[in-house]
Each structure stands twice: as structure tokens, then as C-alpha cells.
Amino acid sequence: MKSLKNWLMLALLALSLGLSAQAMADKASKPFAEKRVVLQISDPNPFKQTLVLNVANNLLKHYGPDKVDIEIVAFGPGLRLLFADNANKGRIQRLVENGGVRFSACSNTIRNMGKKLGHPPVLNPNAVKVSAGVVRILDLVDQGYVLIKP
Amino acid sequence: MKNMTIKTSLTALTLAMGLGAAQQASAANWLMLQGTEPAGSAPRAKLWGFVQAQYQKDFSDSFGAGEVYIPPKLIGPNLETQDQFNVNRARIGVRGSNFPLDSKTNYFVLIEMGRNGITNHGDAFAKVTDASVTFNHIPGARVRVGLFKNPGPEEGLQAIHVFDYINFTTVTNQLMLERYPVTGYTNAPAQSIPGADFNKIGNSVGAFRDTGIQVFDTFKSGSWETAYAVKIGNGSGLEITDNDNNKDVYLYLSTEKVYGGKGGRREGWKFFAWSQSGKRIDPNNTANEYDRKRYGVGTKYLKKPFRISAEYMKGKGMIFQGPHRPGHMFNDLEASGWYVEGGWYIPKTKLEIDLRYDSYTREENHPTSVAGDESRYKTATIGMQYHFNKKTRLNMEYSNRNYESDTTAVNNQYEGVKGRFAIQVTAIF
């Protein structure tokens, strides 16, 4: 019984360390950032794709790449932004290279879209899969990120 | 000539395919703007369209004691009066990516409800002008099927709602805007107004469109974009179905130095060449078959505040002789023409000044005149555009026309052809 209790404590500690490490990793990419923003894209309207990229670009221009930390989380119909052939792929690449913007893709959406397509969608190489887009947003908010849904 | 054309076309095609190794471009020219959607960011169905309302007045004089007129002296499409208001275009369409998760297919549907050469015949309330599906599965070889614009002259291929003038040049109107007479057609003489009946063609104008299949794509190399298209169609314009076993072949190649911007008014310097070839059967005598061949080369420069474009076109066979003389358009005559035009966007204003000069030479060989007779049409147009906003504008233009013919009877009428004033509002939604 004592052994089980120890194992549970160890597991909790590991989970806690893991989450802390992830949080540190999120923030470590921009250690001097004064603003931390998570942008949500979940809308089927293609104009929203342009809008969310514009917002990211404007934040970078205003604060400077080192002073603002931006992650764009795509889920639901908004995941199309992170399809490999998306017309905005050039803009995405520039935001990554010049502004250090991170892009997260919801695994639940990828799985559901894969069922409709008959194969998993091919994603932009800059997209990082997360277990669930909405969970990722909540985690980032817990870390102090401000959620903006353009 | 035929072998040379094929050889030239193949060279052009090979060049275009060779450039396939370069990076593919996004929508940036008429082929791409009309035939594709932006990957991953196109709506399932985008409703769009435009309205053009106009007034035109013709200052031409009648001829002879009977005060008779010919079509160039009257306002179309009805050709019954010398001045009238008209809603000449009212188009509504839907386009998009029918299954948004898959960017490899897209569609385009457009319906005309205004009154022009498309709808005037048979008093149609509306007519489908475009209905196509594009497959983007093969890199460098997109495939578009259905009814859509033919690769060809700039005036015909471009989106009409961004056309910088109200009326087409004579060479485009007569040589490229094909008419399709129906069985039982008759010719009409010069007539007095009111009560004139000049529209003897029977079917809609071709509207620079045909039903068929097209392979096309655009390739980017630095700031240059090269596009090609090969289309095979019925050769029946908007009538959709075919009336013979002949198929038309359309070839197009363009290359453009892109300066910036996007859409129909993207800035760049484009060079293009095209050819169209097919056969037509005289519906009143189906044993008679005629070649229809058209070629053209042109350039367009746009970098605000200036725009300059020019194009030369040549044709053989099926040379149009007027809407009142369908029987004479089944011929093997030759014709050629050109235009040069320019625009100046007056800085810090919403005004634009346009100037155009076009020339068309038509050789006639119809039964009532001497073989080898020639007619010449020269038109100078000055225009102005006022851009209320990006989607709404006012066009105004005055054309000074100088027509002449070696055939005395025709020339007598042409001497009375004078200027024409037109004003038009365009609203795009």
C-alpha cells in the first residue's frame, strides 16, 4: 500500500515536472517577451485566416519579435490554415522565421478531418500537433497568455 | 501555315512545361483568377456578381431619301434606336471549393440577366455564361471542364467588370466576339427607325466562351510568372452542345514580370500570344464547311499611375459582316486589326483618364460586291473613370469613328458614321 502511494506521488511529481517543463519550453522560446498571446483560429471563413495572420504580424510590428510571444492554435474548420498547400503558407513561413510565431494543430480535428478525407490532411511543416486545440489554449492561458480570437 | 502553328504551339507548350520545375504560383492571372481558388482558404460557396447600367447615344447620320440606318449607327443589342438606357450586364454567380477540406477541386458558375448579345436573342431572361469544375491534382497541369472563357485576346479573356472601357474595340467586337446564326437565317437591308430589325443571327453571341476541356497552369520564377493553356471545345459558344463533329483548339501562352498587388488589377508587364482554330458549318447549307482561324499577340503594362497595352489580331474565315447579314459571314475572307491604349490614374484623386485607338481591316467578298473589296474601321476613344471605391466606378467615354469601304454602297452608309457617347456605372459585390 505504501509502495503504491509512493508510485502515485512519483507519477504526480513527474506529471507536474512535465507540465512545468512544457510551460518553461513555451516561454523559453521568448525569454524576454513582455506580452504573451495565443490566437485562436477555428472559423470556416477564409477571411479569418487572413485576419489572424494580420493580427500576429501587427503584434510583431508593434512590440518587436523579442518582446511578444505568439502562438496560433488552429482547430475545427480553422485547421485549414495549417494545411500544407494553404495559400497563406508563405506568410506562415515568414511569421515563423521573422517573428518566432508558433503554430499548433489540433489532433482531434486532424483525426476527424482524416475520416472525411479518407487520409490525414497533410500539414504545414511549421505546425506542431497538440492533443486538443482547446486544451492547448487553456494551458497557455494558465501560463499567463492572453487569448485573442480575431 | 498549319504545321508552323502546331510547331510554334508545341514549342510554347514545351517551354511552359519546362518551367514546371520552378515554383508554382498562386492565382495571379486570368487563367488562374477565373479557374482556380486559393488553396486551403476558399469558401464552400462565395456569392458574387456585378451590375452595369449605362446610357449610350450615337450621333451618326442616316443615309438616303428613306433615312435608313445600318447597325453601327444604332445602339445594341436591340439596334432600334440611337440612344437608350440599358442594364447591359447583371450577373450573379457562385464559386468556391465545393469540399473545402480538399483544395484539389473547385467550381465556378455565373448567370447573365442583363440585356446584351447574350440574352437579347429569344428574349432570354437569363443565360448561363460559365459553369465549370477545375481539378488541381496534377502539378503543372490543372484540368478545367465545362463552359468557361477561351484563352485568347485580352479584351475577351479579362474579367469584364474590370474592363477599362464600355465598348469593345472594333477588332475584338467583329473578329473575336463570335456570332452563331441559326437554321433559316435571312439577311436584312439597311432600314429606317423606328421599327428596324437588324438582329438576324438567332443565337447568343459566343461571349468569348466555349464548352470543353482545358489543361493549364502558371509557374513562378522569381518575379516572373508564366502561364499556358490548351483548350479543346465544341466551338459553339454559349450554346453548350455541339452541332458538328469538329472541335476547336485554343492555345495560350503568357509571361509576366510581376510588380505587385493581386487580382484583376495586379501590377505587372505581361506578354502574351494565342491562337484559335476550328470549323463552322453553314446552318442553311450544311454541306458547306468553313475554317475559322484566329491569332494574336499582345502586351499589357500596368504600374500606377500608368497603364499601356497593345494587341494585334488576325483572322481567316468566318469574318463577321454585321448582325443583319448572317449569310455573308460564312466565308474564307481575311481580316486583321490592332489596338493601343493607355490609362493615367491621376495621383491623389479617384480619377483615371483613358485613351484608345483601334484599327480593323476587313476584306469583303460577299455576293453583292466586287471580290477583294475592303472595309476599314478606325476608332479613337477618350474615356474617364471615377472610382467611388474599389468595387464601384463610373465610366464615361466618347468614340470618334472613321469607317470607309471600297464598296460604294457600303461606303455611302459609312460616311454617316459619327461619334458615340457612353456612360456606365459598375457595381461589383
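Colleague: Which strands does helix H4 of chain A lie across, and at about what angle does H4 run to S3(A)?
Modeller: Keep in mind that this is a predicted model. Helix H4 covers residues 107-117 of chain A, and strand S3 covers 102-106. H4 lies across S3 and S4 of chain A, and its angle to S3(A) is about 50°.

Colleague: And helix H5 of chain A, which strands does that one lie across?
Modeller: H5 takes in residues 133-142 of chain A. Its direction is at about 160° to S2(A).

Colleague: In what order do the strands of the open sheet in chain A come?
Modeller: There are 5 strands in this open sheet, and their pairing is parallel. At the edges sit S4 (127-130) and S5 (146-148) of chain A, each pairing on one side only. Neighbours in the sheet are turned by 30° against each other on average, direction ignored. The order is S4-S3-S2-S1-S5.

Colleague: How many bridges join S1 to S2 in chain A?
Modeller: S1 spans residues 35-41 and S2 spans residues 68-74, and the two run parallel. Within S2(A), Val73(A) is the residue that Gln40(A) stands opposite. The number of bridges between S1 and S2 of chain A is 7.

Colleague: Are H2(A) and H3(A) roughly parallel or roughly antiparallel to each other?
Modeller: Helix H2 is residues 46-63 and helix H3 is residues 89-99, both of chain A; their axes come within 11 Å and cross at roughly 25°. Angles under 35 degrees count as roughly parallel. So H2(A) and H3(A) are roughly parallel.

Colleague: Is the crossing of H2(A) past H3(A) left-handed or right-handed, and which residues of H3(A) meet H2(A)?
Modeller: H2(A) passes H3(A) in a left-handed crossing. The contact residues divide into 4 nonpolar, 2 polar and 1 charged. From H2(A) come Leu53(A), Ala56(A), Asn57(A) and Leu60(A), and in H3(A) they meet Arg91(A), Leu95(A) and Gly99(A).

Colleague: Which element gives the most to the side of chain A that touches chain B?
Modeller: Across the two chains, 13 residues of chain A are in contact with 11 residues of chain B. On the chain A side, H2 and H4 each supply at least two residues. With 3 residues, the element that gives the most is H4(A).

Colleague: How many residues of that side of chain A are nonpolar?
Modeller: Sorted by class, the side of chain A that touches chain B has 3 polar and 3 charged residues. The nonpolar count there is 7.

Definitions and conventions. Residues numbered from 1 in each chain as written. Chains lettered and ligands numbered in written order. Predicted model: local features only at pLDDT ≥ 70, side-chain atom pairs only at ≥ 80, totals over all residues. Axes fitted to C-alpha atoms, helices over the stretch in contact; angles between N-to-C directions. Helix = DSSP H or I, 4+ residues; strand = E, 2+ residues; numbered from the N terminus. Parallel < 35°, antiparallel > 145°, perpendicular 65-115°, else oblique. Left-handed = near helix turned anticlockwise from the far one by under 90°. Contact = placed C-beta atoms within 7 Å. Nonpolar A, V, L, I, M, F, W, Y, C, P; charged D, E, K, R; others polar. Pairing = 2+ DSSP bridges.
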